Amino acid sequence: MDSVPLSWYLILSAVLFALGVAGFLFRRNLITIFMSIELMLNAVNLSFIAFAYKLNQVDGQIFAFFVMVVAAAEAAVGLAIILTVFKSRPSLAVDEVNTLKY
Amino acid sequence: MQHLWLIPALPLAGFLVNGIFGRRVSKGVINLVAIGSVALSFVWVLKTLAALGPLETPHVERYFTWIESGILSVPVEFAVDRLTAVMLLVVTGVGLLIHIYSIGYMGHEGGYHRFFAFMNLFMFFMLTLVLANNYLLMFVGWEGVGLSSYLLIGFYFLRKSATTAANKAFIVNRIGDFGFSLAMFLMVVRLGGLDFPRVFSAAQAMPRETDPGLLTLIALLLFVGATGKSAQIPLYVWLPDAMEGPTPVSALIHAATMVTAGVYMIARSAPLYQQAPIAMDVVAVVGLATAFVAATIGLTQFDIKKVFAYSTVSQLGYMMLAVGVGAYAGGIFHLVTHAFFKALLFLGAGSVIHALAGEQDLRKMGGLRRKIPVTFATLVCAGVAIAGIPPFSGFFSKDEILLAAHHHAPWLYWVGVLTAAMTAFYVFRAIFLAFFGDYQGEHHPHESPPSMLGPLVVLAAFSLAGGFLPVSRFLEPLFPAGEAHHDPALVVVSVIAGLLGLGLAWYLYVARRGLADRIAARLGALYQVVYNKYFVDELYNAAIVQPVVKGSEALLWRRMDAGVIDGAVNGIASRARAIGAVLRLMQSGNIRSYAAWVLMGSVVALIALGFSGGAR
């Protein structure tokens, strides 16, 4: 593990995060968007862990746990929302979920 | 302590009880509360005066400090001296009689409890006015009686003319009150307070002003207040219109008590006026002019209440003349006798109107002396009293005034005598038109109930014999001494003038009916001018009311209110809408566009962070 430099982890994390953002912006399906968010969260987790390992401190690991907890809660709520949306609409296209605007 | 506060507090309690619960209780209870409270107040006055004895010095009761601010200290303080004692007796005594009379007169009217509640409210304020020991507390009563007067003139508020008359009375009085307020400001600033003793001692410490100065100014401003309340030129126009109110109101407020408040106030301020002879001359001349002008108008009116209203204005002018020439005691004496006979005239007129189911036009009366004999007899008593026929009450008080006027300047006396002749003429003209000749109306007249006739008889007794009350002698020590004037020739002249007026009325309206109309026709334009009250209302309307209305409409309403104020409010609102219209474009409802905004924002934040040298 020592042979892998910190920057590689960070680059991987950044790439994953960028993929998540791109997915969030450009996909229409709610489930895909949801997965993109998870991707962004885990990209951040990766950088936390990498820093924690490199700096030999436990803070980053704790943060990663927090993020996982939040992600789990978010999954529960988010999937419930997606289910309800799907019950009332024929598709999961995000552009059609806009009635709160009025 | 004599608990003077009970005197006004009792009617106030009556007002509160009737005002709050009057709608739910029977007329008997309303009567008990309204008349009971005034009767108790009257009894308390009698008890207090009996306990205080001859009142060589004023009896003062201090209750609490009302205002304490810098140099200004205003206590709530009641005082009784001889002047207040006389006023208390007149206000509660005549007030009680008129309250009793109102039971019969108002019996068929709606708003019975409202009427008595307002009457009691009036009594409260009037008694506060006469008991007050400083100008501010007096002003409270002064404003309060104006308020009650307004409420009672507009009693028949469904009638447009009544509400208009009420507004007119209130607004015209407001002009006078403005003068009163200015006078009080000057007293605070220059004389150091508002308490009567302090103001008067400060005034007496100053030299007598033969040239106009501070005291003259204060006295004249107070007189402006008096012209409003006591219906003197130029502010007398509200009083004839105030006859829109129920007749007991006209008798109590607009004849016997409230309108005499101005005279009382000037008599109360006698030490101040003594130091300002110029102001006194103004008071005398304005009073005499009012007496004369109002009497001429009274000659031509056909509404029985209007005749007596102008008569009131005229008699108030006499009182002003009296205080203006320094005959304060005489002025108050006339106030007292006038309260008797003028209240009687109005109550008698009310009895006539009641008998004829609301008819007030003298031309539609006639021949009533056999149909309502008690009313007729009492009205004649009032007539001989006001005409100054000896030995009835008006003779004594009027002669005292006229003699003092003659002592001051003979021309005042002669105009006064002429006015006295006109007074006798118009009062008996009204009586003859109503009670002699043939009945001209359709309604079947009926005599009034005993609750109305009782007060009439009592007042008639006082009108006849009131002249023997030693009011002047009782009051004399209170005022700066004037020389005693006695000149039998002058007395005889004024009595002859009164008799002439009476005789002329008899000749024109009983002996030679119809002659009066021919004379009026011959006089043509002059008669029309007088009949239309010199077009003073029209003049005020054109010169003051219309410019104010037009100016308010163009400037205050359209420019200020609609333009500036509404414009500012609406402008802010429409600006907010315009900004919102731009901002709402961002709220597309499209989640991905929100995400793009977030991304852009974080990119901008990161770039800014980079430029500022990183997180460290």
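Author: Let's start with contacts: two residues count as being in contact when their C-beta atoms, placed from the backbone, lie within 7 Å of each other. And keep in mind that we're looking at a predicted model.

Reader: OK. Among contacts in chain B between residues at least 6 apart in sequence, what share joins residues at least 24 apart?

Author: That share is 81% in chain B, counted over contacts between residues at least 6 apart.

Reader: And what is chain B built from?

Author: Chain B has 25 helices and two strands. Along the principal axes, its C-alpha atoms take up a box of roughly 115 × 65 × 55 Å.

Reader: How much of chain B is buried?

Author: Of the 616 residues in chain B, 50% are buried. For that label, a residue needs 20 or more other C-beta atoms within 10 Å of its own.

Reader: Show me one helix. How many residues of H11(B) are buried?

Author: Eight of the eight residues in H11(B), which spans residues 261–268, are buried, so this helix is largely enclosed by the rest of the structure. Arg268(B) is one of those buried residues, and so are Tyr264(B) and Met265(B).

Reader: Now helix packing. At what angle do H13(B) and H18(B) pack?

Author: H13(B), residues 277–298, and H18(B), residues 410–435, pack at about 30°, and their axes are 9 Å apart. Angles under 35 degrees count as roughly parallel, which is why H13(B) is called roughly parallel to H18(B). The crossing of H13(B) past H18(B) is left-handed.

Reader: Which residues of H13(B) and H18(B) meet?

Author: On the H13(B) side they include Ala284(B), Leu288(B) and Phe292(B), and on the H18(B) side they include Val415(B), Met422(B) and Tyr426(B). By class, this contact between H13(B) and H18(B) has nine nonpolar, five polar and no charged residues.

Reader: On to the interface. How many residues of chain B touch chain A?

Author: Eight residues of chain B are in contact with seven of chain A. The chain B side splits into four nonpolar, three polar and one charged.

Reader: Last thing, confidence. What scores does the model get?

Author: ipTM is 0.80 and pTM is 0.80. For chain B the mean pLDDT is 90, with 99% of its residues at 70 or more.

Reader: Which elements of chain B have the lowest and the highest mean pLDDT?

Author: Among the elements of chain B, helix H22 (residues 515–523) has the lowest mean pLDDT, 83, while helix H5 (residues 135–153) has the highest, 95.

Notes: Residues numbered from 1 in each chain as written. Chains lettered and ligands numbered in written order. Predicted model: local features only at pLDDT ≥ 70, side-chain atom pairs only at ≥ 80, totals over all residues. Nonpolar A, V, L, I, M, F, W, Y, C, P; charged D, E, K, R; others polar. pLDDT = per-residue confidence, 0-100. Helix = DSSP H or I, 4+ residues; strand = E, 2+ residues; numbered from the N terminus. Axes fitted to C-alpha atoms, helices over the stretch in contact; angles between N-to-C directions. Parallel < 35°, antiparallel > 145°, perpendicular 65-115°, else oblique. Left-handed = near helix turned anticlockwise from the far one by under 90°. Buried ≥ 20, exposed ≤ 12 C-beta atoms within 10 Å, placed from the backbone.
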